[in-house]
Amino acid sequence: MENTYLNWYELSLSVLNYEVSGSPRTKDFERLVLTGMGGSGIVCDTIYTALYRKSKIPITIVKDFQPPGWVNSNTLVCSISYSGNTLETLNTVIKSLNLGAEVCVVSSGGKLVEIAKERGLPHVVVDKGLLPRAAFPQLLIATIKVLNTYGVNVYEDLNKLIGVLTFKDVTAATSRELSYFLKDSIPVIISNFNYYPLALRFKDELNENSKMMAKVEIIPEWAHNDIVGWERPVNIDIIRALVIWDDDPTIEFAINYLKELGVKTYVLKPLGDDLLTKILQGSHIAGLTTTYLATLRNVRAEETLSIDKYKKFLQNRTVS
Ligand code: F6R
């Protein structure tokens, strides 16, 4: 697992040449839905953030079995599932097709690719054999490519984007330091809205790779409720705050607030020239930190028994 994260740059290079199969039925849509779960779903959050300020159409993320009621032939539904068999994503795709939506697919195979091929939907098939969370850059690049066929421009220069994954030594050193900082704690990851996908990604990686509970708080909403809970925590010594830096006075306020309370706080400053590269580099740190933590905690990073249990429970169940 650690080696897969360390090889993210090399793995990403191959995706740059991937072709999008199938062609859009229409490029004329008025809304965009991004759908996917877990390690695939985080791509939805990342794309949403990258488009948030520049998109002229509404964008919604669906992490459920059902698309919203307003999905129709004027909607583009972009679905991402590494396995291609995740029931929530599959069901959302099938329902969206039934509602007349334009659908595109990013996956390594499974039923989703079968549907895409049968219907000639625009799709990118990424390489099999990784865990979905470890395939993040590939899924991200493939999604940027498939959206580009619709004229949705998420990021111009993909070579530049993945260039940030070459800073392996500094990324590994930060990750090592962070793994010791977070060991034996309940991490609370705090960011502003810009870095929400990275905060969520960090939490998810702590959950899946390190088998740890963690919590995410987003500023400014954090300052309207959660902030009060810090006044009387049950056990402040077990909490570690990981604040994702942005040049934003509300982040400075949060750091000072936590320091005044005596909360052990680490400020992470991701490297990169723009938001998306910083989110990717921060995700690289999250991957390595959480595999190092897995070793420190003597657990297997690859194994996610509880997710398997849930997926088994879902098998043979129909969702209406
Ligand atoms: C991450 C992971 C899960 C899956 C999620 C959805 O490594 O194992 O978070 O990503 O269960 O599955 P896929 O990505 O196959 O749609």
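Guide: Let's begin at proline 220, which sits in the loop that runs from strand 7 (215-219) to helix 10 (226-229). Helices (H or I, at least four residues) and strands (E, at least two) are DSSP runs, numbered from the N terminus. Before we go on, please keep in mind that this is a predicted model, where local features need pLDDT of at least 70, side-chain atom pairs count only at pLDDT 80 or more, and totals for chains, interfaces and linings use all residues. Residues are numbered from 1 along each chain as its sequence is written, and side-chain values use heavy atoms, with hydrogens and water left out.

Most peptide bonds are trans, and most residues other than glycine have a negative phi.

That brings us to the other end of strand 7. Lysine 211 is in the loop between helix 9 (196-210) and strand 7. Although lysine 211 is not a glycine, its phi is positive, near 55°. With a relative accessible area of 31%, lysine 211 is partly exposed; buried means under 20%, exposed over 50%, and partly exposed in between (1.4 Å probe, protein chains only).

A positive phi turns up again at asparagine 298, where the value is near 65°. This asparagine belongs to the loop that links helix 12 (275-297) with helix 13. Asparagine 298 is exposed, at a relative accessible area of 72%.

Among the 13 residues around the ligand, the ones that come nearest are Ser40, Ser81, Ser83, Thr86 and Arg133; a residue counts as near if one of its heavy atoms lies within 4 Å. Glycine 39 brings a backbone N or O atom to 2.9 Å from a ligand oxygen. Glutamate 208 has a side-chain N or O atom at 3.2 Å from an oxygen atom of the ligand, and for the side chain of lysine 311 the corresponding distance is 2.8 Å. Taken alone, the ligand exposes 390 Å², of which the protein buries 93% (Shrake-Rupley method, 1.4 Å probe). Two elements, helix 3 (38-51) and helix 13 (305-314), each give two or more residues to the shell around the ligand. Helix 3 makes the largest contribution, with three residues.

Tyrosine 155, in the loop between helix 6 (136-148) and helix 7 (158-163), is buried at 13% relative accessibility. From tyrosine 155 to isoleucine 144 the step is 11 residues in sequence and 7.2 Å in space, C-alpha to C-alpha. Aspartate 64, by contrast, is partly exposed at 35% relative accessibility, and you will find this aspartate in the loop between strand 2 (59-62) and strand 3 (75-81). Aspartate 64 and asparagine 235 are separated by 171 residues in sequence and by 34 Å, C-alpha to C-alpha.

Technical notes: A polar contact is a pair of N or O atoms within 3.5 Å; within protein, one must be able to donate a hydrogen and the other to accept it, and residues adjacent in sequence count only if both atoms are side-chain atoms.
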